Amino acid sequence: MERNPPNFPELPLPENLERFPDLHPSLDARSAVTEANRCLSCFDAPCTAACPTHIDVPRFIKKIASGNLPGSARSILEANVLGLSCSRACPVEVLCEGACVMHRYNKKPIEIGRLQRYAMEDFFANWQASSPPPPVSHPQKVACVGGGPASLACAAELRRAGYAVTVFDNRPLPGGLATYGVAEYKLRSSDSQREVERLASLGVEFRQGEVGSDLSLEQLESEFTLVFLGLGLGAMQRLGIPGEQTPGVLDALTFIARYKTHPGFSVGRRVVVIGGGNTAIDAANAARRLGAEEVLLFYRRTESQMPAFPFEFEHSLVEGVKFHWLAQPLEIMVQNGRAAAVRFLRTRLAGPDTGGRRQPEAVAGSEFEVPCDLVIPALGQARLAEQWGQARGLRLEGGLIAVERGSGRTSNPRYYAGGDCVNGGREVVDAVADGKRAALAMKEAMNHG
Ligand code: SF4
């Protein structure tokens with residue numbers, strides 16, 4: 001296994017910077033101070049309570065107002081080691097900013113996300129790996145399997161506490177979805193890599209390779225006292241229709257990773273996206289920005305049943321994505337070895353399923369075809385926990401790893417878990433919170449073990 005790859009490539013590509021200007025541009029110094037001065041520094045701040053990592057929002061904002069940017073960044077990083085990624089990728093509308101008391105006074109909420117980003121960007125603009133990492137002061141070693149936000153947060157917390165920690169990742173760059181899976185206009189891979197570099201400088205070891213094949217589970221358990229599983233989720237689920245394996249069909253996560261890491265990626269003139277979640281929306285917006293004249297998103301239910309956040313939907317309308325409800329794909333039509341069209345069938349909503357959502361059912365004789373250059377299915381991701389459940393006796397629930405709430409401990413006391421492999425796919429900040437909580441419980445277990 002390769003250890004600590006020393007040179008993280010420079011990402012993203014310059015052309016992407018032009019195509020993917022920020023969704024919310026950076027604040028300049030003057031507007032940051034003005035915005036910070038609007039904050040009421042609420043006692044029992046609801047914004048802090050709404051943040052899964054409980055960043056002390058009024059404290060970091062006050063430091064921006066007083067010109068103490070390094071102090072502000074320290075406050076953020078103490079609570080959330082991925083404070084830069086989260087400042088860009090968090091759906092603040094439903095978290096801290098959604099809870100801001102300004103709503104009660106019919107005023108615009110404080111722009112917490114942009115203020116956090118302002119402090120974080122200043123920090124990373126001046127940050128250099130200089131001093132040697134803190135010494136290892138405990139004999140126990142911890143492995144974090146998976147290189148996404150949950151593992152990174154767990155690793156940072158334990159390393160800060162003096163434990164030797166190794167993060168195992170099977171992809172060339174660590175960071176998981178923060179590096180490969182979040183849309184470019186929200187979070188750039190280069191930002192995620194800066195955070196990874198900082199963790200490496202704090203003494204977290206990174207090894208590239210697959211646990212279970214490059215390193216056996218027996219080797220893993222003989223080298224490490226405890227293991228944190230931040231496996232994330234697997235590949236996107238298939239549509240299960242003919243033509244799906246054809247060139248010109250790319251699932252949404254592969255598509256996002258591809259355009260974030262490949263120069264000159266072309267989408268053609270007309271793109272069809274299939275799905276109704278936030279990832280489908282990210283892919284559709286990206287296809288527009290990559291030059292598609294028309295991006296059509298098809299969902300088998302209606303707007304009100306779409307799982308994407310309403311503000312993501314609104315944003316997509318502004319980007320020019322066209323939404324088509326009540327349609328499900330039947331076949332991807334192939335011409336000259338490439339996807340050339342999708343054949344759909346209209347649906348209507350029938351009775352509610354066990355989750356309370358109404359089930360779509362096919363309308364006979366309603367087939368129609370949509371010609372296109374690229375098809376992007378976005379149906380949710382497969383669950384990866386099965387093999388760990390079997391190999392190490394971890395209890396699973398619905399294909400996800402079952403953990404003790406508050407500690408992340410699995411049914412096997414040597415294993416802890418967090419992030420998407422436990423919650424089924426939530427935000428970067430939720431994964432960070434899981435990693436932090438598990439690290440605290442792991443420290444406790446090692447102190448008393
Ligand atoms: S709720 Fe709003 S005003 Fe109050 S501390 Fe948080 S950001 Fe400031």
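What is the volume of the largest cavity? The points below take up this and other features of the model.

1. Basis. The model is predicted; local features require pLDDT of at least 70 and side-chain atom pairs pLDDT 80 or more, whereas totals for chains, interfaces and linings use all residues. Residues are numbered from 1 along each chain as its sequence is written, and side-chain values use heavy atoms, with hydrogens and water left out.

2. Domains. The protein chain is assigned domain 1 (21–126), domain 2 (141–234 + 382–448) and domain 3 (252–377); such bounds come from an automatic or database domain assignment. Between the C-alpha centres of domain 1 and domain 3 the distance is 34 Å.

3. Largest cavity. Its volume is about 130 Å³. A cavity here is a set of points, on a 1 Å grid over the protein atoms alone, where a 1.4 Å probe fits but cannot get out; lining residues have an atom within 4 Å of a point. Grid points are joined across faces, edges and corners, and the volume is the space filled by probe spheres set on the points. Of the 15 lining residues, Cys51, Ile55, Cys90, Cys96 and Gln116 are the closest to the centre. Helix H6 (83–89) and helix H8 (112–126) each give two or more residues to this lining, and H8 provides the largest share, three residues. Helices are DSSP runs of H or I of at least four residues, strands runs of E of at least two, numbered from the N terminus.

4. Helix H18. Of the 21 residues of H18, 15 are buried (under 20% relative accessible area; exposed is over 50%, partly exposed in between; 1.4 Å probe, protein chains only), so H18 is largely enclosed by the rest of the structure.

5. Backbone. Ser41, not a glycine, has a positive phi of about 50°. Ser41 is located in the loop between helix H2 (29–38) and H3, and is partly exposed at 33% relative accessibility.

How values were computed: On a 1 Å grid over the protein atoms alone, a cavity is a set of points where a 1.4 Å probe fits but cannot get out, and a pocket is an open set with protein on both sides within 12 Å along at least five of seven lines; lining residues have an atom within 4 Å of a point.
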